[in-house]
Amino acid sequence: MCGIIGYSGHRPAVPLLLEGLHRLEYRGYDSSGVAFEQAGGLHVVKAEGKLSALEAKLEGLAHTLATTGMGHTRWATHGLPVERNAHPHLSQDGKIAIVHNGIIENFQELKEELSAKGHTFLSDTDTEVLAHLIGEERKDAPSLCEAFARALRRAHGAYAVVMMAAEEPGVIYAARMAAPLLMGVGVGECFVASDIPAFLPYTREVVFLEDGELARIKGPAWEVFSLTDLSPVKKSVSYVPWDMQAAAKGGYKHFMLKEIMEQPRVITDCLTGRVLEGEDGARVVLHELDHMPVPTRLHIVACGTSYNAGLWGRQLLENVGGIPTDLDIASEFRYRDPQILPGEAVMVISQSGETADTLAALRLAREKGCMVIGLCNVVGSSIAREADVVLYTQAGPEISVASTKAMCSQMVLIALMALYYGQRRSPAVGDAGLLRELCTLPERLSAALPVMQERAAQLAPRFSSARSFFYLGRGQCHALALEGALKLKELSYIHAEGYAAGEMKHGPIALIDPQFPTFALALDDALFAKVKSNIQEVLARQGRVIALVQEKDGRAPDLAVEELWVLPSAHPVISSFFALPALQLFSYRMADYLGKDVDQPRNLAKSVTVE
Ligand code: G6P
């Protein structure tokens, strides 16, 4: 997830681009760059690391006369976070520059085609291939605009792209397909950016570009075309009433809520390029694992929410992937001298890729000569660098201390791994229904989230006086129960325990009384009847119960609980992707209702780099 800004107008462009990039800082940084017009050509400056490194490089350079330019902050997806991979990227002749957010899935194929025509590449990125392709198309196309459109029509995947070329001074082009991009229309000037905060101090007049649209901007003049045939598209200008702080949060009150609501997009990004439609149906593609033998056993090691994602995935890896799997908390694993046999692998899961205990577990596994798979969100992090194989969850930067969308992306990736190993072991092990529903999940979840938000807002005031909570579930819902309890504890400071529902009768049930409510996960899976019995046990002791359930044949199950929370019906594994945001939203609403600091709860850190 990168930040993009482009400008064409009457002010010095470079300071304005840097200011815009600073305002996109919450999207995360590992390198950045700008392109601007100078002496009839294009000038590109880029730097590894934080924006200050780029600013230092620009100091003393004559750029104040440029009134057209574009900038980019990179959050690496293809290639290491180093200067040569930073954007902008240039065409072979250096006369066309682009910045890009997204993934060009067929870049390898295009790269081979262009290499055969004599193109040479300076970076490892998919973006540079697109820049070269535009240059190549320009050789035959009647105009730069046509060349841009032709190249984009050949690119598969997701993109928001901004382009400048030496042949059209003062002009910037922009196009989008499944990645955010919008225009800001000012007085005598226009902006294009991946997010509103980038230009908010200059204008609140916004034109939202849609997928398959291409814009040409020159100072105050802008036009939008259809990418398919370059026919003009009529667009309207909207007014955005946000202040700066609200804008960085996309209009949400807190980053946590924004990140919960982003989950459909996160699932799409995690699936992008990893599911291929073929003649015999869809298949999972995880090239990173192709050259590694199928492990005879997988040891999952992680902390906090990432551990809960591992617990959720264990059953899938065993049942769908056919791989015996066990699980450890990283701080335990590192000190218990784990026995790992030849042929087995360790999989560490970490959003930040920097958690000290998880990193130590990884190093221990490597010392023992074991292959380590890293499931990470932050590209170039320590765990990503030190693992033998790294799979990126592609959730984008997570700002709120309480992890939400990262867990969703970890679950998607584990489900893909299970399906992938299932495919490799025997075509009979997989689960075609699961893969099909995974692909349609983003759309279904987008439709369900607003309803869940309302339900969480209704429930929070009714339960906000509780001092303790149980969260109960079985099977994969046991992992979700642990996560629900963790979220409630960390955000609202209400004591909460996640329990395997069947284990309650062995002690904890003694705590149940009308002041100790229970959040029961009673989803429509093979264990529903068992959980139903456990709910009866709680009700028999005057316990208050919220039950998370699903419709079956158009009807909610008959449970005599205080609150039923009905989720859409789905494949038993997919149901978890509805239950997870419900739990997150409930904790969010409880904490917000109680006036707690949602994004930065007391005593916690986003990335725990100490033991
Ligand atoms: C901290 C965070 C949690 C996170 C855990 C593991 O405790 O507050 O939200 O789940 O670290 O972090 P990791 O980056 O390794 O997933």
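Helix 5 (residues 144–154) is mostly covered, with eight of its 11 residues buried; buried means under 20% relative accessible area, exposed over 50%, and partly exposed in between (1.4 Å probe, protein chains only). Helices (H or I, at least four residues) and strands (E, at least two) are DSSP runs, numbered from the N terminus. This is a predicted model, in which local features need pLDDT of at least 70 and side-chain atom pairs count only at pLDDT 80 or more, while totals for chains, interfaces and linings use all residues. Residues are numbered from 1 along each chain as its sequence is written, and side-chain values use heavy atoms, with hydrogens and water left out.

**Helix 5**

- The buried residues of helix 5 are Leu144, Cys145, Glu146, Ala147, Phe148, Ala149, Ala151 and Leu152.
- Strand 6 (96–104), helix 4 (126–138), strand 7 (157–165), strand 8 (171–177) and strand 12 (213–218) are among the elements that cover these buried residues of helix 5, where contact means heavy atoms within 4.5 Å.

- Strand 25 (residues 545–550) is largely enclosed by the rest of the structure, because six of its six residues are buried.
- On one side of strand 25 the buried residues are Val545, Ala547 and Val549, and on the other they are Ile546, Leu548 and Gln550, so that both faces are covered.
- Strand 24 (residues 518–521) runs parallel to strand 25 and is joined to it by four bridges; two strands pair if DSSP finds at least two bridges between them.
- Thr518 has Val545 in strand 25 as its bridge partner.
- Between strand 24 and strand 25 the chain passes through helix 17 (residues 528–539), in a β-α-β crossover that is right-handed; with the strands pointing away from the viewer, the path from the first strand over the helix to the second then runs clockwise.
- Strand 26 (residues 563–567) also runs parallel to strand 25, and five bridges join the two.
- Opposite Ile546 stands Glu563 in strand 26.

**Salt bridges**

- The whole structure holds 33 salt bridges, each being a side-chain nitrogen of Lys or Arg within 4 Å of a carboxyl oxygen of Asp or Glu.
- One of them joins the side chains of Arg297 and Asp326, at 3.5 Å from N to O.
- Arg297 lies in the loop between helix 9 (287–290) and strand 17 (298–302), and Asp326 in strand 18 (residues 325–329), so this pair ties together parts that are 29 residues apart in sequence.
- Arg297 is partly exposed, at 28% relative accessible area, and Asp326 is partly exposed at 24%.
- Another salt bridge is formed by the side chains of Arg455 and Glu563, at 2.9 Å from N to O.
- Arg455 belongs to helix 15 (residues 432–463) and Glu563 to strand 26, so the pair links distant parts of the chain, 108 residues apart.
- Arg455 counts as buried at 16% relative accessibility, and Glu563 is buried with a relative accessible area of 9%.
- Glu483 and Lys487 form a salt bridge in which the closest N and O atoms are 2.8 Å apart.
- These two residues are four apart in helix 16 (residues 476–492), and therefore about one helical turn separates Glu483 from Lys487.
- Glu483 counts as buried at 1% relative accessibility, and Lys487 counts as buried at 1%.
- A network of salt bridges links Lys258, Glu262, Arg265, Asp269 and Lys405.
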